[in-house]
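User: Hi! I have a protein model open and would like a friendly walk through it. Can you help me find my way around?

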Amino acid sequence: MTHLPSYNYPAGTVIEIDGTPYDPPKETMPGRLFLMDRRTGQPFVVPDGEGGTILPSPADYDRLITDERLEVKMPPNVIASRALSAAAEWDVSDCEAIDPDVRKNLAQCEVLDENGVKNGNYAVTAGLAKHWTPDLVEKYGPHDNPHTVKRWRSERGKAGKRTHKDMVRLNGRAERDTNLSEPAMEIRQKHAIDGAGNYGAVKAAYAIAATELIAVNEGRHDGYPQPEKPYPIFTYETFRRACVALSGSETTETRDGEKMVEARMRGAGKPLTASRILEKVIIDHTPLSCFLVVDPERDIVAGKPWLTVAIDVHSRAILAWIITFRPPSYWTVCEILRRMNLPKRPPPNFALRYPFLSRICGKPGELILDNASEFTGHGLEDAAKCGSFSVLFCPIEQPRYRAIVERSLGTFERKMLEHFPGASMTIEYNRLTGHDGEDLAVATPNELEALANHAIAEYHTEPHDGLQGRQPALVFQKSANKHGIDVMHDVRRFQLETFEVRQNVKVTKSGVRAFGLRFHCPVGVPRLIDNNLRYEPRRQPRADATILTKIKFDPENIATVHAWDRTTNSYVELKCADETYSDGMPLWFHEELLEIARNEATAPAKDTAKKRAYVKREAKPTSTIRPLSELDDTEGTGVVGFNTEAERMEARARRITAIRAIAPGARHRERLLVARLYETPRLRQITGNIVNIDIDYAEAVTTDDFIAHDVSALTALDAEIEAPRSEVEPRRKERTGRGDRRDAGRTRPGVDQQDDAPAPSTRRPSSRLAG
């Protein structure tokens, strides 16, 4: 067997195996090494393969080194400064930063070692005088005190094995023993923990600690006896250093929680990487701290719009973005995917200088999303299958996993909202200056979209630190030239797959009614009815043909809906009848306008009774938009409704009361009907025992009250009163019917002779009312 050479270690070297200290190996028997445990004195053994143990061989020793189970450590130095130097992992630059003369110190020891000078006072003095040549004097300066050099040679390494780290002078850098007694030390450390565990509490903790130590010196402390000699009061700087020494992850976790430790003290880990563009794309959202005028005609202000961006991991380029007041949802992701597949429209000056900016688009290979509930449903899985890409969800509560997009969002938002009118400031700034972003809002969403378009073009053409100073557009262009740009083959189909759906919507000859609007197509609606009427169930024939089908719509633009045709297995596009209103109108904004209209029409009802106790539920989110008239309402009255529901019911009840007054017997008949119904056993079982005396009070409510009229004059007489009266009997209209015998056999003198004479009026005087 070939004999392997042994390793030479300095005297006092410690061999640590799995954290246990051993003496350096000795070959006590051929082919076997003896390593003695410094704590127990037992030898280190390895399995022999037959169920027993045996001393390790040189090959076993080498295997421990390669497996990183064995670590060679320098012998501990009894001098505190030398022990600190031996444990420190300094290089030459670190040593020179601590002691600028470290090279000179090493040169003085080495020149004596190389010339065989003994380590005595006279020998070192004579050796430095002889061997410290003028060249060394010119390079390093005069040599140090021979007694100092003699001490260095005896304490700092051995001849031929001295390093720069051994020659560093650590005067005052080693930890010194404190001169405080045990009670004073306990009091200081006890209150230092409190000072380190609370923000801004160091001065307060020091005051309490000093006061307690004074109480001990004066004998007023219950826990410590009065000392014969008063303990010295430590200074504030000493106490502050004790608090700083306790600062670390443990105190931060106790004070602020584990998340703070992870955010500020833990490593970020390995970042996301991709070998080509569109291999991995991250989608993330953030609210923008600004207010916008969403409808100048109606004076409506909305705040905190959502910004959603899709960023390519390889090039850091922003593939698509969207600004909307709709919270992040499944639709948001699908809309971003649709926009990713379309060419872009950069500002004209950027498009002329960088034509490639319009081609920053494409289909992702893997989409990275957070774990929100709106993203983990089956709808996104179906969209991924339709678009031929995969979906990866980020680890829970690990925002640094998407550090790429987090940093880009901050840069993007800063470029957009810098000096933006209506931008929100910090609470401290608003308190000091009275700034109100909502009151200063003058920009519209279209203007913010234009700013975002310019900010993205600017971001694409600026050097990026994460790309070694290259621009995102440049990296995207190089990878696109090499691999090409993957796109979706059928964008319309993917878009329809991602739209929201409403089932069982009625289609009549006038079209579809949804969201309070009417959607129609002169060609599509008749074709829908003709193709799908045979699928409807048999029912009573109606005057107009109707069918039930599903519709799909874009919640950010309700100008059109798509109705499903079961015969052709395709969608029919129907446009809104009010195109001016619906074009570009989001569904959420339309619903907000309807809510504002209802509030203007109906004021809140007054409380007339104690409210019932219900189970507390999650409050409905308040509206995010406000009319500008509310911002100018200094009295705090808000929008006053046109009327209330109670007022409308009161008017309805008054109308019914007047109708009943027309036929007084109707109320009596209703009472009899109610009495007969109450005698029914099943109804009595449902209603229970009802004992009530129904008294009808007289109310002067008639239909005359429904016609507004004024008296034209206090006294008004008919013209006939002043006219002369005639004694002739008033003429009665002749009846020629067969059954009229009232005038049979009777003659009226003068009637036949005065047929053409008008009969005078015989009415009584009455007041005339002007209707």
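Analyst: Happy to! One term to begin with: contact means heavy atoms within 4.5 Å. In that sense, Ser408, Thr411, Phe412, Lys415, Met416 and Leu417 of helix H16 meet Leu448, Leu451, Ala452, Ala455, Ile456, Glu458 and Tyr459 of helix H18. Please keep in mind that this is a predicted model.

User: What classes of residue make up the contact of H16 with H18?

Analyst: That contact has 9 nonpolar, 2 polar and 2 charged residues.

User: And at what angle do H16 and H18 pack?

Analyst: About 125 degrees, and their axes are 9 Å apart. That angle makes H16 oblique to H18. The crossing of the two is right-handed.

User: OK, what about H5 and H7, at what angle do they pack?

Analyst: Helix H5 covers residues 121-131 and helix H7 covers residues 146-155. They pack at about 110 degrees, with axes 9 Å apart. H5 and H7 are therefore roughly perpendicular to each other. Their crossing is right-handed.

User: Which residues meet there, between H5 and H7?

Analyst: From H5 you have Asn121, Val124, Thr125 and Leu128, and from H7 you have Pro146, His147, Val149, Lys150 and Arg153. By class, the residues of this contact divide into 4 nonpolar, 3 polar and 2 charged.

User: Let's zoom out. How many helices and strands are in the protein chain?

Analyst: The protein chain has 28 helices and 23 strands. It is 771 residues long, and buried residues make up 34% of them. Among contacts with a separation of 6 or more, 64% are between residues 24 or more positions apart.

User: Which residues touch the most other members of the largest nonpolar core?

Analyst: Those are Val309, Phe412, Met416, Leu448 and Phe519, in a core of 59 residues. The largest share of this core, 6 residues, comes from H16, which spans residues 403-417. There is another core apart from it, with 27 residues, including Ile283, Ala320, Phe356 and Ala384.

User: Which residues is Val309 in contact with, leaving aside its neighbours within four places in sequence?

Analyst: They are Ile282, Ile283, Asp284, Ile318, Ala320, Trp321, Val405, Leu409 and Phe412.

User: Now a couple of alanines. Is Ala473 buried or exposed?

Analyst: Ala473 has 12% relative accessibility, so it counts as buried. You'll find Ala473 in helix H19, residues 472-483. Setting aside neighbours within four places in sequence, Ala473 is in contact with Phe356, Leu357, Ile360 and His460.

User: How far is Ala473 from Glu462, C-alpha to C-alpha?

Analyst: Their C-alpha atoms are separated by 8.7 Å, and the two residues are 11 residues apart along the chain.

User: And Ala97, buried or exposed?

Analyst: Ala97 counts as exposed, because its relative accessibility is 66% and exposed means over 50%. Ala97 is found in helix H3, residues 92-98.

User: How far apart are Ala97 and Val168?

Analyst: In sequence they are 71 residues apart, and in space they are 9.8 Å apart, C-alpha to C-alpha.

User: Great, thanks!

Note on methods:
Residues numbered from 1 in each chain as written. Predicted model: local features only at pLDDT ≥ 70, side-chain atom pairs only at ≥ 80, totals over all residues. Heavy atoms only, no water. Axes fitted to C-alpha atoms, helices over the stretch in contact; angles between N-to-C directions. Helix = DSSP H or I, 4+ residues; strand = E, 2+ residues; numbered from the N terminus. Parallel < 35°, antiparallel > 145°, perpendicular 65-115°, else oblique. Left-handed = near helix turned anticlockwise from the far one by under 90°. Nonpolar A, V, L, I, M, F, W, Y, C, P; charged D, E, K, R; others polar. Core = buried A, V, L, I, M, F, W, Y, C linked by side-chain atoms within 4.5 Å. Buried < 20%, exposed > 50% of the residue type's maximum accessible area, 1.4 Å probe, protein only.
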